[in-house]
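Here are my notes on this two-chain model, as numbered points. Have it open while you read.

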Amino acid sequence: MSENRVALITGAGRGIGAEIARTLAADGCDVAIVDYAEESAASETLEKLAACGVRARYYRCDVSDFAATKAVVDAVVREFGKIDILVNNAGITADKLLLRMEEGDWDRVLSINLKGCFNLIKHVTPYMMRKRYGRIVSISSVVGMMGNAGQANYAASKAGIIGLTKSVAKEFGARNITANAVAPGFIRTAMTDALSEEQKQAMYKLIPLGSLGETQDIANAVRFLVSDDARYITGVVLKVDGGMYI
Amino acid sequence: MTTLEKLKEILSECKGEELDITAETTFDELDFDSLDKVDIVMQIEEAYDISLGENMQLSTVGELVAKIDEAVANK
């Protein structure tokens, strides 16, 4: 049996991150989930991963904490032997019009969404460099390209991920480490389910493909970018938005 | 473990193969690129808890060993 690749995925306890974890596990990757929530909140995800017959472990960590992320990366390498794939998915929102946005709203969103990516990339790349192999995918957002009223902090963090990704792609290309971003549009989640029919119809008008995306659509894009089929692709932003931003 | 032995370990790990290194081995022979050099310096600094600075113009492994020993002595 060939050795499994090891994927570290942040924010994978639930939602899009959990779907990415399940999808990569189904492809035979061992998975290290890094999430801020209690482990019990991810029990369903961990059960699904175990059902795929791969190794899966949960690491509780705040990705904005530089020292804590280093400890987690070292622990994953100790326990799994290596990290082949990093998926930076952890993210939060604190939506407000700029006029009402507090300094804390800005700092919190930038710390988790953008500095969190830096922290993980910073600690994972030395290991990837020595293995001469690495696949890094960070979850951005079309909002990072379009901007969005009420999301100055979130949009800035997601645009920042694009600049970070392109720089990492240039710095580490010579070590066979690729860095790419996936930019989701409107994805069906508990949040979009709560919208009124009228609000949904207004949303559909913005999307040429006429429907919301599913978490699986994002996971499929990540699966492609970490696969051998994407070995010559680095520094790209793959929009998965039904054509919302063209 | 001597400084040379430790250095051999770090350089070999960075190269991904067991290197045959002596104090006379030159860095030109070893053919590390700029990314390797940053990685090597960072690993040495971590291993010995010293600071080597950004711009080291060294031609042989022996010179690097001397530089490390000097930094360790001055800690």
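1. Start with the contact between α1(B) and α4(B): T3(B), L4(B) and L7(B) of α1(B) meet V61(B), L64(B), V65(B), I68(B) and D69(B) of α4(B). Contact here requires C-beta atoms, placed from the backbone, to lie within 7 Å. By class that contact has six nonpolar, one polar and one charged residue. The classes go like this: Ala, Val, Leu, Ile, Met, Phe, Trp, Tyr, Cys and Pro are nonpolar, Asp, Glu, Lys and Arg are charged, and the others, Gly among them, are polar. The two axes come within 10 Å and cross at roughly 115 degrees, with α4(B) covering residues 61–73. Axes are lines fitted to C-alpha atoms, for helices over the stretch in contact, and angles between N-to-C directions run from 0 to 180 degrees. The crossing of α1(B) and α4(B) is right-handed; that is the clockwise case, while left-handed means the near helix is turned anticlockwise from the far one by less than a right angle.

2. Some bookkeeping before going on. This is a predicted model, where local features need pLDDT of at least 70 and side-chain atom pairs count only at pLDDT 80 or more, while totals for chains, interfaces and linings use all residues. Residues are numbered from 1 along each chain as its sequence is written, and chains are lettered from A and ligands numbered from 1 in the order in which they are written. Helices (H or I, at least four residues) and strands (E, at least two) are DSSP runs, numbered from the N terminus.

3. The expected span is 1.5 Å times one less than the number of residues. Just after α1(B), G16(B) takes a positive phi of about 80 degrees.

4. α1(B) also packs against α3(B), with axes that come within 10 Å and cross at roughly 140 degrees. This crossing is right-handed. K6(B), I10(B), L11(B) and C14(B) are the α1(B) side of the contact, and D36(B), D39(B), I40(B), Q43(B), I44(B) and A47(B) are the α3(B) side. Sorted by class, they are six nonpolar, one polar and three charged.

5. Next, the interface: six residues of chain B are in contact with six of chain A. On the chain B side, α1 and α3 (34–48) are the elements giving two or more residues. That side has two nonpolar, one polar and three charged residues.

6. L19(B) sits in the loop between α1 and α2 (27–30) of chain B. Beyond four places in sequence, L19(B) touches K8(B), L11(B) and S12(B).

7. Now the nonpolar cores, meaning sets of buried Ala, Val, Leu, Ile, Met, Phe, Trp, Tyr and Cys residues joined through C-beta atoms within 7 Å. The largest has 67 residues, and V31(A) and I33(A) touch the most other members. Its largest share, nine residues, comes from α4(A), residues 103–131. Apart from it lies another core of seven residues, among them L7(B), I40(B), V61(B) and I68(B).

8. α4(A) packs with α3(A), residues 66–80, at about 35 degrees with the axes 9 Å apart. The crossing is right-handed. F66(A), T69(A), K70(A), V73(A) and V77(A) of α3(A) meet N119(A), L120(A), H123(A), V124(A) and Y127(A) of α4(A).

9. Last, α6(A): its 21 residues reach 30 Å from first C-alpha to last, close to the 30 Å expected at 1.5 Å a residue. Its buried residues include Y154(A), I161(A), L164(A) and V168(A), and what covers the buried residues includes α4, β5 (134–139), α5 (143–146) and β6 (177–184) of chain A. Y154(A) counts as buried because it has 23 C-beta neighbours inside 10 Å. Leaving aside neighbours within four places in sequence, Y154(A) is in contact with T93(A), D95(A), V109(A) and V143(A).

Technical notes. Contact = placed C-beta atoms within 7 Å. Buried ≥ 20, exposed ≤ 12 C-beta atoms within 10 Å, placed from the backbone.
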